[in-house]
Amino acid sequence: MAHGVAGRRRPGGDPVTPRPARPVRIGPRAAAALLLVTLIGIAAFGWPLLADRQSGLAHSQDAPWLFAALLPLLVAVVIATIADNGMDSKAVAMLGVLAAVGAALRPLGAGTAGLEPMFFLMVLSGRVLGPGFGFVLGSVTMFASALLTGGVGPWMPFQMLALGWFSLGAGLLPGPERIRGRAELAMLAVYGFLGSFAYGTVMNLQGWVLLQGMGQGISFHPGDPVPQNLARFAAYCLATSVGWDLGRAALTVVLTLALGGTLLRALRRATRKAAFDAPVSFDSGAGSDAGHPPQRV
């Protein structure tokens with residue numbers, strides 16, 4: 001029975017080609033749950049731009065509602081993936097391990113010039129394990145790191161969404177069968193650089209609407225036309241966050257280029273061994289010949 005392990009040979013002497021690492025599959029129910037979470041997130045980030053001047057609404061009031069809606073939907077994404085046979089106990093275990101590592105990485109740089117080393121792990125994990133797994137991993141990692149660092153506040157559900165999108169995007173890049181080696185690392189580095197700025201920009205949109213009195217050129221004005229507020233928002237980003245976003249982006253690029261090759265190989269090896277996409281079956285005679293338990297086919 002061929003096991004698909006590098007280094008083994010078939011009876012004729014030809015080497016067995018290693019089975020490619022397959023990402024966690026997204027079924028129709030999981031895709032629907034992801035789409036619903038994304039639509040809620042877009043509405044949560046963007047609705048203040050469309051709010052009436054007298055609405056008196058702010059993200060400090062809507063964050064608890066977003067958090068209450070987000071957690072069940074994240075659970076729904078996981079349950080839907082399991083129901084679609086995309087995530088088994090091994091995938092859940094890998095999710096826990098990677099989320100714990102990401103949460104532990106965040107305190108090493110958070111608060112210092114925007115340096116956040118966990119972002120490169122999200123890029124590589126989303127790349128290997130797929131967009132659905134990446135979204136859940138990003139959200140769970142941010143939740144765990146907020147509990148670890150005491151960073152719980154009205155911004156936390158927005159951070160969970162933004163990092164989930166960041167990791168999801170890495171899983172949507174062109175597949176490894178098309179781009180490998182140095183070209184793949186370069187692509188991931190470019191994505192990490194641009195994605196780090198996108199993450200900071202999206203999070204700025206959450207905080208900007210809460211800050212008033214910063215000056216007519218950069219403050220949010222409820223009820224003003226959207227183009228005018230977007231122009232002020234661009235000025236606000238340039239004035240307050242470019243340096244932080246640049247630090248995050250530069251560190252993500254450096255870590256991706258320096259450690260990306262090793263970590264990609266490790267993640268792909270673990271994914272091949274886990275065989276998330278393989279059905280479980282047993283060979284009744286496999287364990288009796290050599291005293292070993294039956295093998296997964």
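Student: Which residues in H3 meet which residues in H4?

Tutor: Keep in mind that this is a predicted model. On the H3 side the residues are Met94, Leu98, Val101, Gly102 and Leu105, and in H4 they meet Met118, Phe120, Leu121, Ser125 and Leu129. By class, this contact has eight nonpolar, two polar and no charged residues.

Student: What makes H3 roughly antiparallel to H4?

Tutor: The axes of H3, residues 89-105, and H4 cross at roughly 160 degrees, and they come within 9 Å. Angles over 145 degrees count as roughly antiparallel, and therefore H3 is called roughly antiparallel to H4. The handedness of this crossing is right-handed.

Student: Why is H4 called oblique to H6?

Tutor: Helix H4 covers residues 118-129 and helix H6 covers residues 156-171, and their axes, which come within 6 Å, cross at roughly 45 degrees. Roughly parallel would need an angle under 35 degrees, and roughly perpendicular would need 65 to 115, so H4 is described as oblique to H6. The crossing of H4 and H6 is right-handed.

Student: Which residues make the contact of H4 with H6, and how do they divide by class?

Tutor: From H4 come Met118, Phe119, Met122, Val123, Gly126 and Arg127, while H6 brings Leu163, Phe166, Ser167, Ala170 and Gly171. They divide into seven nonpolar, three polar and one charged.

Student: How do you know whether serine 196 is buried or exposed?

Tutor: Serine 196 has its place in helix H7, residues 181-208. Buried means under 20% relative accessible area, and because the value for serine 196 is 0%, this residue counts as buried. Leaving aside neighbours within four places in sequence, serine 196 is in contact with Phe119, Phe166, Tyr191, Asp245, Arg248, Ala249 and Thr252.

Student: What makes leucine 74 count as buried, when its relative accessible area is 8%?

Tutor: The cut-off for buried is under 20%, and a relative accessible area of 8% therefore places leucine 74 among the buried residues. Leucine 74 lies in helix H2, residues 59-83, and, with neighbours within four places in sequence set aside, its contacts are Phe135, Ser139 and Met160. Leucine 74 and serine 139 are 65 residues apart in sequence, and their C-alpha atoms are 8.1 Å apart in space.

Student: Why is alanine 231 called partly exposed?

Tutor: Alanine 231, which lies in helix H8, residues 226-240, has a relative accessible area of 48%. Buried would require a value under 20% and exposed a value over 50%, so alanine 231 is called partly exposed. Between the C-alpha atoms of alanine 231 and phenylalanine 220, which are 11 residues apart along the chain, the separation is 10.0 Å.

Definitions and conventions
Residues are numbered from 1 along each chain as its sequence is written. This is a predicted model: local features need pLDDT of at least 70, side-chain atom pairs count only at pLDDT 80 or more; totals for chains, interfaces and linings use all residues. Side-chain values use heavy atoms; hydrogens and water are left out. Axes are lines fitted to C-alpha atoms, for helices over the stretch in contact, and angles run from 0 to 180 degrees between N-to-C directions. Helices (H or I, at least four residues) and strands (E, at least two) are DSSP runs, numbered from the N terminus. A crossing is left-handed if the near helix is turned anticlockwise from the far one by less than a right angle, and right-handed if clockwise. Contact means heavy atoms within 4.5 Å. Ala, Val, Leu, Ile, Met, Phe, Trp, Tyr, Cys and Pro count as nonpolar, Asp, Glu, Lys and Arg as charged, and the others, Gly among them, as polar. Buried means under 20% relative accessible area, exposed over 50%, partly exposed in between (1.4 Å probe, protein chains only).
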